[in-house]
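Please look over the sequence and the structure shown here, and then read the briefing that follows. The points are grouped by topic.

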Amino acid sequence: MEEDVKVVKGFVKKLRKKVTAFQNIREWYDTYDKDRSDEIEVNEFLAMLTQLKIVVEPRLVVMIFKLFDRADVNYFRYADFEDIILERIKPNYKKIVEFER
């Protein structure tokens, strides 16, 4: 479990670095919100990862997605994404990993 926590933390760090390299995070996010619902679903999230050239084991994708999907509704909104990317909140990595195992 501790290894998964490290991997998920490392992923978020890598994602932060890549996303914050863009000048307008909202505009970048909207690129993947294909239906303009302000809801990124798993398929849109996978498109984000692919475009950023971030490779993650399939079993970890769910854990990472759940970091952003804090309401557990199978999507996340821009505010949720921005809170984590800009480090306004610190995710409970251990809780997410435990829950998804």
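Glu-87 lies in the loop between α5 and α6, where helices (H or I, at least four residues) are DSSP runs numbered from the N terminus. This is a predicted model, in which local features need pLDDT of at least 70 and side-chain atom pairs count only at pLDDT 80 or more, while totals for chains, interfaces and linings use all residues. Residues are numbered from 1 along each chain as its sequence is written, and side-chain values use heavy atoms, with hydrogens and water left out.

**Loop residues with positive phi**

- Most residues other than glycine have a negative phi.
- Glu-87 is not a glycine, yet it has a positive phi of about 60°, and Glu-87 is exposed, with a relative accessible area of 56% (exposed means over 50% relative accessible area, buried under 20%, and partly exposed in between, with a 1.4 Å probe and protein chains only).
- Arg-36, which sits in the loop between α2 and α3, also has a positive phi, of about 55°, although it is not a glycine.
- The relative accessible area of Arg-36 is 59%, and Arg-36 is therefore exposed.

**Helix α2 and its buried face**

- In helix α2 (residues 25–32), the buried residues are Ile-25, Trp-28, Tyr-29 and Tyr-32.
- Seen down the axis of α2, these buried residues fall within an arc of 100°, so they line one face of the helix; the arc is that of the directions from the helix axis to the C-beta atoms.
- The cover over the buried residues of α2 includes α1 (2–20), α3 (42–51) and α5 (78–85), where contact means heavy atoms within 4.5 Å.
- Trp-28, found in helix α2, is buried with a relative accessible area of 5%.
- Leaving aside neighbours within four places in sequence, Trp-28 is in contact with Val-19, Phe-22, Met-48, Gln-51, Leu-52 and Phe-81; the C-alpha atoms of Trp-28 and Met-48, which are 20 residues apart along the chain, are separated by 9.4 Å.
- Tyr-32, also placed in helix α2, is buried with a relative accessible area of 8%.
- Not counting residues up to four places away in sequence, Tyr-32 touches Ile-40, Glu-44, Ala-47, Met-48 and Gln-51, whereas the C-alpha atoms of Tyr-32 and Met-1, 31 residues apart along the chain, are separated by 31 Å.

- Two packed helices are described by the angle between their axes and the distance between the axes.
- The axes of α2 and α3 come within 9 Å and cross at roughly 120°; axes are lines fitted to C-alpha atoms, for helices over the stretch in contact, and angles run from 0 to 180 degrees between N-to-C directions.
- In this contact Trp-28, Tyr-29 and Tyr-32 of α2 meet Glu-44, Ala-47, Met-48 and Gln-51 of α3, and by class it has five nonpolar, one polar and one charged residues (Ala, Val, Leu, Ile, Met, Phe, Trp, Tyr, Cys and Pro count as nonpolar, Asp, Glu, Lys and Arg as charged, and the others, Gly among them, as polar).
- α1 and α5 pack at an angle of about 105°, with their axes 10 Å apart, which makes α1 roughly perpendicular to α5 (angles under 35 degrees count as roughly parallel, over 145 as roughly antiparallel, 65 to 115 as roughly perpendicular and the rest as oblique).
- The contact is made by Val-12, Leu-15, Arg-16, Val-19 and Thr-20 of α1 and by Phe-81, Ile-84 and Ile-85 of α5, and its residues divide into six nonpolar, one polar and one charged.

**Helix α6 and its contact with α4**

- The buried residues of α6 are Tyr-93, Ile-96 and Val-97, and, seen down the axis of α6, they fall within an arc of 95°, so they line one face of the helix.
- These buried residues of α6 pack against α1 and α4, while the face of α6 turned away from its buried side carries the exposed residues Lys-95 and Phe-99.
- The axes of helix α4 (residues 58–68) and helix α6 (residues 93–100) come within 9 Å and cross at roughly 130°, which makes α4 oblique to α6.
- Val-62, Met-63, Lys-66 and Leu-67 in α4 meet Tyr-93, Ile-96, Val-97 and Glu-100 in α6, and the residues of this contact divide into six nonpolar, no polar and two charged.

Conventions: Helices (H or I, at least four residues) and strands (E, at least two) are DSSP runs, numbered from the N terminus.
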